[in-house]
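Please read these notes alongside the sequence and the model. They go from the whole chain down to single residues.

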Amino acid sequence: MNVLKLRKLLEGIETQNPSSVQAESWTNEEKKVALEAIGRYNEYGRMLAREASLMEIAHSLSEVAKHAQKFLSEELEGRKKTDDGAWFDGIMPERNMKELSKCSDEFEKYAMEAHVLEQRMQALYEQMGTNLNRYFEIKDLQEGVSPAVSKL
């Protein structure tokens, strides 16, 4: 039986001493690009906070679905009273309204899930901002966007 020797396994493998590997230093241009990106941090927060929340949109769409159902129901009921063959014409709109209601409920469900995720994202954004503010001076959006300044 052949026994593998550790020396033979290591032959041909180059080893580097971690202390001999130096971190590449950044050029002034790379530093400038990094500070500009950090300086835009508050812009990302504005993008994260949308004008209308998904929950508000879901509520509005739910109201639209309810109004459409009620409107069509009233219209079809009026036709049934005046025309004996109108009951057949009412089947498809009723099916469509049931599907509309189902879609609205599903939209609301997904909006709730997205709202929870959005809250988590907001919390992470705030934590990132807290950490960045320890080391960089980032101007408010009212002051205009400019490169961040290192506090070190």
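1. The accessible surface of the chain comes to about 13000 Å², and carbon and sulfur atoms account for 56% of that area. Accessible areas come from the Shrake-Rupley method with a 1.4 Å probe, and for residues only the protein chains shown count as cover.

2. This is a predicted model, in which local features need pLDDT of at least 70 and side-chain atom pairs count only at pLDDT 80 or more, while totals for chains, interfaces and linings use all residues. Residues are numbered from 1 along each chain as its sequence is written, and side-chain values use heavy atoms, with hydrogens and water left out.

3. Six helices and two strands are present in the chain. Their order from the N terminus is α-α-α-α-α-α-β-β. Helices (H or I, at least four residues) and strands (E, at least two) are DSSP runs, numbered from the N terminus.

4. Of the 152 residues in the chain, 14% are buried. Buried means under 20% relative accessible area, exposed over 50%, and partly exposed in between (1.4 Å probe, protein chains only).

5. The largest nonpolar core has seven residues: I38, Y41, L48, Y125, F136, I138 and A148. Such a core is a set of buried Ala, Val, Leu, Ile, Met, Phe, Trp, Tyr and Cys residues joined through side-chain atoms within 4.5 Å.

6. Beyond its neighbours within four places in sequence, I138 has contacts (heavy atoms within 4.5 Å) with I38, G39, Y41, N42, L132, N133 and A148.

7. S62 belongs to helix α4, residues 54–82. S62 counts as buried because its relative accessible area is 10%. Setting aside residues up to four places away in sequence, S62 touches S104 and E108.
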